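Thanks for coming, everyone. Please take a look at the model on the screen. I will go through it piece by piece.

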Amino acid sequence: MKTVLKTEKIDKYFHDPVEFQVLKDISFDVNRGEFLSMIGKSGSGKSTLLYILSTMDTEYSGQLHIDGQLVTGLPIDSLAEIRNEKIGFVFQFHYLLPEFTCLQNVMIPALKLGKYSEEEIEHKAFEKLKILGLEDQALKSANKLSGGQQQRVAIARALINDPCIIMGDEPTGNLDSKNSNIVFDIFQNLTREFGQTIIAVTHDEDFAHRSDRIIEMKDGNILAH
Amino acid sequence: MNINYKIAKTYIFSNKKLTAVGVLGVLLGMSVYIFMNSLMVGFDRTSNTTVFKNTAHIRVYKDDEISKPLIKDSIAPYLIINPKIVPKINTIINPKKILQILKNDENVVIATPQVNTNVFYNNGKSQISGTAIGIIPEEANNMFDIKSTMVEGHLDHLIHNPNGIIIGSGVAEKMNLTTGDNINLTSSKGINRTLKIIGIFKTNNYNIDKIKSYINMPLAQQILKEGNTYITDINVKVADPETAEPIAAHLTELTGYNAESWQKSNETIVAAGRMRKIIISFVSFTILLIAGFGIYNILNMTVSQKINDIAILKAMGFKGNDVVRIFVTQAVSIGVMGVIGGVAMATVVITLLKKVYIGGDIGYFPINYESTKYLQGIIIGLVITFFAGYIPAKKAANVDPVEILRR
């Protein structure tokens, strides 16, 4: 099993309004193809941890490795490149660009990466939408879709650069149970069929228990792997 | 097309109203800037043309001198208690050599001698005091463009008629004279001459037209009882009138005579021109700046509206510079559209105004398509637009995606 993400002794403090340690000595590994859920009460530090893992939050001590590379201490432009190439994001809200069509939204990260020609990217984006059952909606404007559809487009966008890891911050938090199930099934399918690694922060007990592995957090510590 | 530009383009066209307002702001600012500055150039040109019809770029003459003590004594500096103007003739000694020196100077285009004489014009009982100017007709024409002011007769006839005179329209009117009539001249030395009027000029400046006349230089010397080396002024024309001042200083040193630039002899006009320049530059620049504020506002608004887009783009791997490029592209696009519109509008306004008749010695509205002002406006407009976009863009680039996405 190959390790795609590894943390070593990550500590993080909030300084405002009072000094407060949010994360205490967090160390764990994530293997390729794992479907990992992070649960815990509000304020347990799970979201904070996710944003550190995402490389967007750089104010912490300890070490973070992604895909075998130490990313702690890299300049922010290099981190942006790493996010672009290796990490896909799904948030509670879809954050699609409303002026663009679904297809264009999916294409944006790949156009930024610039590894393939525009035609190839368009083809790939269409394939991703097909996996998520949205091929009919491809040319519709992103804000014309239903909530569940929009979240699926967001997942397609996260997949476009074939990232090492998909990170989700409450990916089903804003969906009804039917759409939640659809999103979960998509995630599960991605790990089973494509060996995709997924790390998702969730409140949804059901969602967490159906995933491969649970990290439960409390007061900045990992309670159980 | 690069993805940054694609996003910028989408932002420009997704909010057409906002874009249109920005473009309109730049368009108006731009056209007013070009129009006002072109107008200023036109004004300056007209006022200079008027000045140069009567004033040489540089006038070289012998200035009056105050008598000075012969011996410099540090103990008693004033040996002369009541200094007076030295009773010398105010003429240039050895004018041929001085002329040669002037003509050899690289800055000098034309140098022509002139003899000023105060005279009385007599016709029957009527008498007017005035100034007859002794000239070498061809050279003086190159200098002052006398031919363009002639309303009757021909300047060239003066060359062939040693007893000819060209009088101002004011003199002609007052004395009821036309071409072909005779006029009697009395000089300050009491010499009387009857001359034939071979032409009438009109500068549209009545103060000049009612006193001035042109005669041949030898005649002027004769009525002053002087020889052919008597010259009161040498008029100098230089390539660029704006440089007359330093050249005049140089010529003073070169010839030893007083060389006076037109700026010095027309200080009121020069000062008025300078003031006009300051006001117009200030106002037109302010207007362009306000257009810049318009763009700044629009960009600020776009950044606040698109804060979620910016956060997700940064999460997906867009760098700070990419974000700056998106918004600067938007600002500069608005700027370029406005500049193009502004140039077109300024051209239309100038074209219309050129056809408006003002009257007097100005004639048609003194405005023209000034390419330097166009260029200047375009550059300043684009620079302002760039910064008006850059400041909000920089703010957008510094957005912390975590703060937005964690809500």
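One definition before we start. A residue is called buried if 20 or more other C-beta atoms lie within 10 Å of its own. Also, keep in mind that this is a predicted model.

Now apply that cut-off to strand 3 of chain A, residues 35–40. How many of the six residues are buried? Six of the six, so strand 3 is largely enclosed by the rest of the structure. Both of its faces are covered. On one side sit A:Phe35, A:Ser37 and A:Ile39.

What are the neighbours of strand 3? Strand 8 of chain A, residues 197–201, runs parallel to strand 3, and four bridges join the two. There, A:Met38 stands opposite A:Val201. Strand 9 of chain A, residues 213–218, is also parallel to strand 3, with five bridges between them. In that pairing, A:Ile39 has A:Glu216 as its bridge partner.

Step back to the whole sheet. It is open, has six strands in chain A, and its order is 6-7-8-3-9-10. The pairing is mixed. Which strands stand at the edges? Strand 6, at 87–90, and strand 10, at 221–224. Each has a single partner strand, so one side of each is left without a neighbour in the sheet. On average, neighbouring strands here are turned by 25° against each other, direction ignored.

A:Gly88 has its bridge partner in strand 7, namely A:Ile166. Helix 5 of chain A, residues 147–159, packs on this sheet and touches both strand 6 and strand 7. The direction of helix 5 makes about 170° with that of strand 6.

Strand 1, residues 3–14, and strand 2, residues 20–31, form eight antiparallel bridges. The two make a hairpin, with five residues between them. Strand 1 also pairs with strand 4, residues 61–66, antiparallel, over five bridges.

One residue ties this together: A:Lys6. In strand 2, its bridge partner is A:Asp29. In strand 4, A:Lys6 stands opposite A:His65.

Now helix 2 of chain A, residues 76–86. Which residues of helix 2 are buried? A:Leu79, A:Ala80, A:Arg83, A:Asn84 and A:Lys86. These buried residues pack against strand 4, strand 6, helix 3 (102–113) and strand 7 of chain A. They also pack against helix 12 of chain B.

That takes us to the interface. The contact uses 19 residues from chain A and 15 residues from chain B. On the chain B side, helix 1 (3–14), helix 12 (307–315) and helix 15 (401–405) each supply at least two residues. Which helix gives the most? Helix 12 of chain B, with four residues. By class, the chain B side has eight nonpolar, four polar and three charged residues. For the complex, the predictor gives an ipTM of 0.91 and a pTM of 0.77.

On to chain B itself. Its mean pLDDT is 87, with 94% of its residues at 70 or more. The domain assignment gives domain 1, at 3–51 + 270–405, and domain 2, at 58–69 + 82–265. Their centres, over C-alpha atoms, are separated by 51 Å. How many residues of the two domains are in contact? Five of domain 1 with five of domain 2. On the domain 1 side, those residues are two nonpolar, two polar and one charged.

Last stop, B:Tyr369. This residue lies in the loop between strand 12 (363–364) and helix 14 (371–397) of chain B. It has 13 C-beta neighbours inside 10 Å, so B:Tyr369 counts as partly exposed. Leaving out residues up to four places away in sequence, B:Tyr369 touches B:Ser38, B:Thr347 and B:Ile350. From B:Ile93, B:Tyr369 is 276 residues apart in sequence and 47 Å apart in space, C-alpha to C-alpha.

That is my tour. Over to you for comments.

Conventions. Residues are numbered from 1 along each chain as its sequence is written. Chains are lettered from A and ligands numbered from 1 in the order in which they are written. This is a predicted model: local features need pLDDT of at least 70, side-chain atom pairs count only at pLDDT 80 or more; totals for chains, interfaces and linings use all residues. Two strands pair if DSSP finds at least two bridges between them. Axes are lines fitted to C-alpha atoms, for helices over the stretch in contact, and angles run from 0 to 180 degrees between N-to-C directions. Two residues are in contact if their C-beta atoms, placed from the backbone, lie within 7 Å. Ala, Val, Leu, Ile, Met, Phe, Trp, Tyr, Cys and Pro count as nonpolar, Asp, Glu, Lys and Arg as charged, and the others, Gly among them, as polar. A residue is buried if 20 or more other C-beta atoms lie within 10 Å of its own, exposed if 12 or fewer, and partly exposed in between; C-beta atoms are placed from the backbone. pLDDT is the predictor's confidence in each residue, from 0 to 100. Domain bounds come from an automatic or database domain assignment.
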